[in-house]
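Colleague: Can you walk me through this model? Keep it short, please.
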Amino acid sequence: MSVKKASLHLILAGLVFALCGCAPSLVGSDAGAYSMGKLYAVANRDMTSIYNASIKALQDLEVEPTEKIKDVFGAKVKGNTADGKLIQIKIKPGAGDITNLCIQVG
């Protein structure tokens, strides 16, 4: 995996957490793991907040969202980088205000 790709994953995840007003911590419900080219994260926020933060994070990275889908069962945000790589964020609601998300670049 390239350094650019790993950096983009970390920046995007950091922006999602920062825009939601939460920070990854060793103790608490916010957590993340990187596996097989995807970043899996759990955030202690409702799905709508994560969805809006995902769109804002892409725009802050100057990536125009090409697909924005949201309903009660989940949400998906897609965009393409300047070099044509796909950024895809899948969001699923959990119990209470817990939200699961998966970020994939490329």
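**Around T99**

Modeller: Beyond its neighbours within four places in sequence, T99 is in contact (heavy atoms within 4.5 Å) with A41, V42, A43, R45, D46, M47, I50, I91, K92 and G94. This is a predicted model: local features need pLDDT of at least 70, side-chain atom pairs count only at pLDDT 80 or more, and totals for chains, interfaces and linings use all residues. Residues are numbered from 1 along each chain as its sequence is written, and side-chain values use heavy atoms, with hydrogens and water left out.

Colleague: Is T99 buried or exposed?

Modeller: T99 counts as buried because its relative accessibility is 0%. Buried means under 20% relative accessible area, exposed over 50%, partly exposed in between (1.4 Å probe, protein chains only).

Colleague: What lies 3.2 Å from the backbone nitrogen of M47?

Modeller: A polar atom of the T99 side chain. M47 is also one of the buried residues in α2, along with I50 and Y51 among others.

Colleague: Which strand is T99 in?

Modeller: Strand β6, residues 99-105. Strands are DSSP E runs of at least two residues, and helices are H or I runs of at least four, numbered from the N terminus.

Colleague: How do β5 and β6 pair?

Modeller: Antiparallel, over seven bridges. Two strands pair if DSSP finds at least two bridges between them. K92 stands opposite N100 in β6.

Colleague: What is the strand order in the open sheet?

Modeller: β1-β2-β6-β5-β4-β3, six strands with antiparallel pairing. The edge strands are β1 (31-35) and β3 (65-71).

Colleague: New topic. What is the average pLDDT?

Modeller: The chain averages 81. pLDDT is the predictor's confidence in each residue, from 0 to 100. Over residues 21-28 pLDDT stays under 50.

Notes. Polar contact = N/O pair within 3.5 Å; in protein donor to acceptor, adjacent residues only side chain to side chain.
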